[in-house]
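Subject: Structure handover and findings

Dear colleague,

Please find the structure below, followed by an account of what was found in it. I would be grateful if you could read the two side by side.

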Amino acid sequence: MSPFEDVYKESKFHPKLEGLLLPYGTAGFRSNANHLDHIMFRMGLLAVLRSQNTKATIGVMVTASHNPEEDNGVKIIDPMGEMMSTSWEGYATQLANAEQEDLIDALKEIIEKEAIDLSLEAKVFLGKDTRKSGVKLSEAVISGVSALGGHSKDFGLVTTPQLHYAVRCQNTKGKYGEPSVEGYNKKLSAAFIQLTNNAFNCTDDQKHLSVDGANGIGALKLREIECHLKKSAHITLFNDGSKRKLNDQCGADFVKVHQKAPIGIEMNPGERGCSFDGDADRIVYYYTDSQRRFHLLDGDKIATLISIFLKELLTQVSSQIHVLNKKTHFIYIVMCSTLCSCHDQVVFSKSAEDQIHQLAEDPSANDEAKRAARMLQSSVNVINQTIGDAISDMLLIEAILAIKGMTIQQWHAIYTDLPNRQIKVKVADRRVIDTTDAERRAVSPAGLQEAIDSLVKRHKKARSFVRPSGTEDVVRIYAEAETQESADALAHEVSLAVYRLAGGVGDEPKPLH
């Protein structure tokens, strides 16, 4: 029997919608959930091919992160828990948009180009967020996996980072950890407790944190890991999904864009708060001061705090570990690009982890170096090195603040941000925007970057960047300047340029005030 016979039969139950064309972006496919059944089936097929191509387990996550609840999406996770190789994004787009009668030929083309052996075993891990549509769409993925002879394991409701973590654990044969949510919870919580044992004289008030769960999967999974944290953290969870819709006036994207606290959260001046996004791979912190002014600590502030902490520990062990003379090769903090979306990720080299472990167990090392090494070891274990992870980042940040005895105001004062504004402009096709230089320069459409440069010159201490969204037909605009009024004006001026030169849809953007 042809290996494609089942694919042909099953694909009829997942017909492509006429006229629908979607590209695989930085966050996979996203659209209204009613449009995605055929794409989910086909991504199940692609996951099988990717598994056979890499001879490893592949992940498929059904989520639309910060999008409204009626949307959904899917992205594929590569063997070490990283995003799918960009060389395969074109295959995803090709397969998703093939007409029904061309589906088998599209599959054969991928198989031929990548020289894939269909007789190899294929394993796929599957997860979904809390959207109601996730149940049916996950079944479509499983149908695609089965149709091409693959084996799937459904993790059910998980955060995106938890599925990335499980995939890496599976493909490292447990060396990175146990490939389960319980394994994730135990590893991170144990490391957090060990790390916070170094926090001396930290009061219960200083341990308290208010968390906005975005009414999504992050709230559910925070409850689970909280049981393992014992008394090392005092968390009050808001927006847990019991009262409002997913991402409805809450979540990291809402807070970042609107520069205000989410609805439904209760905080006194000076208290710490943080928000997850819909699939818990992003986090922002914030507080209000005594005048009720809102202060946001986003990806840049988070990366700075972590960098300072790790650098201090590295300095304490540098005399014991020769590789630390080359710190840039030792540890990497992978920040989101210019338009900060707060997907901070910390990555340690293998040699770094090995040497930290050796020093922590070395009886001849001095006490200061051993203590620092053990703290680094705990930091390595509390960090999810596969992808930005709101829960993991939250635990590391809370541990650092406790160890350093630092308030959120002191953290915020590490450096002063220029006033800034981030807004979106709807366009007919986000692919008309192309950028370079880490998304700091627009190379298309023609004339846009020149227009931005001219507008920036009108304001003091100003800069502005644009980039296409990875999930919807919008262009994200970031502007900063000497005053908030000037930053808001620049953001609006650039939004008009984008609207006019990049195919804006609907009414022209209006001034922010």
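**A lysine in strand S4**

Lys128 is part of strand S4, which covers residues 123–128; helices (H or I, at least four residues) and strands (E, at least two) are DSSP runs numbered from the N terminus. This is a predicted model, in which local features need pLDDT of at least 70 and side-chain atom pairs count only at pLDDT 80 or more, while totals for chains, interfaces and linings use all residues. Residues are numbered from 1 along each chain as its sequence is written, and side-chain values use heavy atoms, with hydrogens and water left out.

Lys128 is buried but has no salt bridge, and the nearest side chain of opposite charge, that of Asp154, is 4.2 Å away. Here buried means under 20% relative accessible area, exposed over 50%, and partly exposed in between (1.4 Å probe, protein chains only). A salt bridge requires a side-chain nitrogen of Lys or Arg within 4 Å of a carboxyl oxygen of Asp or Glu. For charge, Lys and Arg count as positive and Asp and Glu as negative, whereas His and the chain ends are not counted. Beyond four places in sequence, the residues in contact with Lys128 include Met61, Val62, Ser138, Asp154 and Leu157; contact means heavy atoms within 4.5 Å.

**Confidence**

The average pLDDT of the protein is 91, and 94% of the residues score at least 70; pLDDT is the predictor's confidence in each residue, from 0 to 100. Over residues 323–330 pLDDT stays under 50, and the model has 14 contacts beyond four places in sequence for them. Residues 335–340 also have pLDDT under 50, with 24 such contacts.

Strand S9 (residues 283–288) runs antiparallel to S10 and is joined to S10 by 4 bridges. Tyr287 stands opposite His295 in S10.

**Salt bridges**

How many salt bridges are there by this rule? The count comes to 26.

Glu398 forms one with Arg272, their closest N and O atoms being 2.6 Å apart. Glu398 belongs to helix H14 and Arg272 to the loop between helix H10 (252–258) and S8, so the pair ties together parts 126 residues apart in sequence. Glu398 is buried at 9% relative accessibility, and Arg272 is buried at 8%.

Within helix H9, Glu226 and Arg223 lie 3 residues apart, about one turn of the helix, and their side chains meet in a salt bridge (3.6 Å, N to O). Glu226 is partly exposed at 21%, as is Arg223 at 39%.

Finally, a network of salt bridges links Asp253, Asp277, Arg282, Lys424 and Arg476.

Yours sincerely

Conventions
Pairing = 2+ DSSP bridges.
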